[in-house]
Amino acid sequence: MEPRPAPPEDSDEPTVPVRLSAVADLQDSLLVAMNDLKRLEGLLDHATGNLLDRFNRAIAAVDALAPEPSTPEMQDLRQTLHQAVLELQFHDMATQLLVHTGKVLRGCAYMLAEQVMEPEEDEVGMVVTHLPQNPNPVTQSEMDAGSIELF
């Protein structure tokens with residue numbers, strides 16, 4: 001890709017001289033960060049799946065040991081395990097933030113390339129995904145007791 005020519009001197013568009021190699025390095029860094037976020041999403045998915053499986057097995061073991069909630073301690077244990085499963089909604093929130101951040105990084109990388117470089121012949125007319133419209137897909141910022149909203 002060739003660098004775009006500078007805008008005409010009478011343009012209101014601000015210009016900042018940037019080396020093409022610096023732009024390419026920045027774009028590469030944004031794409032690497034996006035890929036790292038995707039890997040983190042996979043790790044969270046795996047860990048959350050394992051946690052959910054272990055909580056379900058613990059609940060089944062408690063039910064096998066004491067099928068009737070005969071003591072307050074057993075009732076408390078069952079309730080604690082069920083609440084722990086609800087806490088796994090953290091995974092959903094974290095995944096939404098990771099996906100959103102990946103889209104922002106991808107949009108920044110594409111916008112950077114679009115602003116600095118002329119498209120090659122095979123790229124003319126391609127639709128480029130830009131920044132997401134919503135600033136944040138997750139409005140909840142904590143996972144304290146009582147802050148979980150079930151969907």
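How much accessible surface does the protein chain have, and what percentage of that surface belongs to carbon and sulfur atoms? In this predicted model, the accessible surface comes to about 11100 Å², and carbon and sulfur atoms account for 58% of that area. The protein chain has 151 residues, of which 21% count as buried.

The secondary structure of the protein chain consists of 3 helices and 0 strands, and the order of elements from the N terminus is α-α-α. Among these elements, helix α1 spans residues 20-65 and helix α2 spans residues 72-87. Of the contacts in the protein chain with a separation of 6 or more, 75% are accounted for by residues 24 or more positions apart.

Threonine 48 is located in helix α1. With a relative accessibility of 15%, threonine 48 counts as buried, because the value falls under the 20% limit for that class. When neighbours within four places in sequence are set aside, threonine 48 is in contact with Leu88 and His91.

Salt bridges were searched for across the whole structure, and 4 were found. One of them joins the side chains of aspartate 36 and arginine 39, with an N to O distance of 3.2 Å. Both residues belong to helix α1 and lie 3 residues apart, about one turn of the helix. Aspartate 36 is partly exposed, at 39% relative accessible area, whereas arginine 39 is exposed, at 59%.

Glutamate 41 is buried, with a relative accessible area of 12%, while lysine 38 counts as exposed, at 54% relative accessibility.

A further salt bridge is found between the side chains of aspartate 63 and arginine 78, with an N to O distance of 2.7 Å. This pair links distant parts of the chain, as aspartate 63 lies in helix α1 and arginine 78 in helix α2, 15 residues apart. Aspartate 63 is partly exposed, with a relative accessible area of 34%. Arginine 78 has a relative accessible area of 12% and is therefore buried, given the limit of under 20%.

Definitions and conventions:
Residues are numbered from 1 along each chain as its sequence is written. This is a predicted model: local features need pLDDT of at least 70, side-chain atom pairs count only at pLDDT 80 or more; totals for chains, interfaces and linings use all residues. Side-chain values use heavy atoms; hydrogens and water are left out. Helices (H or I, at least four residues) and strands (E, at least two) are DSSP runs, numbered from the N terminus. Buried means under 20% relative accessible area, exposed over 50%, partly exposed in between (1.4 Å probe, protein chains only). Contact means heavy atoms within 4.5 Å. Accessible areas come from the Shrake-Rupley method with a 1.4 Å probe; for residues, only the protein chains shown count as cover.
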